[in-house]
Amino acid sequence: MTTTAEVHRHRWSVESAHRVSEGLLVYQRCECGRRRITSTPAWPIACPELATIDA
């Protein structure tokens with residue numbers, strides 16, 4: 001049986017981002033309402049696409 005979570009591909013958009021001592025903390029939300037928090041190290045940035053903040 002296939003669940004909705006298996007069919008849906010999340011499209012994450014940035015709600016907010018904050019610089020912290022360890023790097024960048026990013027709050028993201030999908031169209032389906034699911035949220036996640038990601039972080040990137042201060043240097044080097046392992047996932048530059050997560051560190052990009054769209055205005």
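## Overall make-up

Helices (H or I, at least four residues) and strands (E, at least two) are DSSP runs, numbered from the N terminus. Read in sequence order, the protein has the pattern α-β-β-β-α, which comes to 2 helices and 3 strands.

The model is predicted: local features need pLDDT of at least 70, side-chain atom pairs count only at pLDDT 80 or more, and totals for chains, interfaces and linings use all residues. Residues are numbered from 1 along each chain as its sequence is written, and side-chain values use heavy atoms, with hydrogens and water left out.

## Surface and contacts

The protein has 55 residues, and 16% of them are buried. Here buried means under 20% relative accessible area, exposed means over 50%, and partly exposed lies in between (1.4 Å probe, protein chains only).

A contact means heavy atoms within 4.5 Å. Among contacts with a separation of 6 or more, 12% are between residues 24 or more positions apart.

## The sheet

The 3 strands form an open sheet in the order E1-E2-E3, with antiparallel pairing. Two strands pair if DSSP finds at least two bridges between them. E1 and E3 are the edge strands, each pairing on one side only. On average, neighbouring strands of this sheet are turned by 20° against each other, direction ignored. Axes for such angles are lines fitted to C-alpha atoms, for helices over the stretch in contact, and angles run from 0 to 180 degrees between N-to-C directions.

E1 and E2 pair in the antiparallel sense over 7 bridges. Ala17 stands opposite Val26 in E2.

## Salt bridges

The structure holds 2 salt bridges, each defined as a side-chain nitrogen of Lys or Arg within 4 Å of a carboxyl oxygen of Asp or Glu. Glu15 forms one with Arg29, where the closest N and O atoms are 4.0 Å apart. Glu15 lies in strand E1 (residues 13-20) and Arg29 in strand E2 (residues 23-29), so this pair ties together parts 14 residues apart in sequence. Glu15 is partly exposed at 41% relative accessibility, and Arg29 is partly exposed at 32%.

Glu15 also forms a salt bridge with Arg35, the closest N and O atoms being 3.2 Å apart. That pair links distant parts of the chain, 20 residues apart, with Arg35 in strand E3 (residues 35-41). Arg35 is exposed, with a relative accessible area of 52%. Through shared partners, the salt bridges join Glu15, Arg29 and Arg35 into one network.
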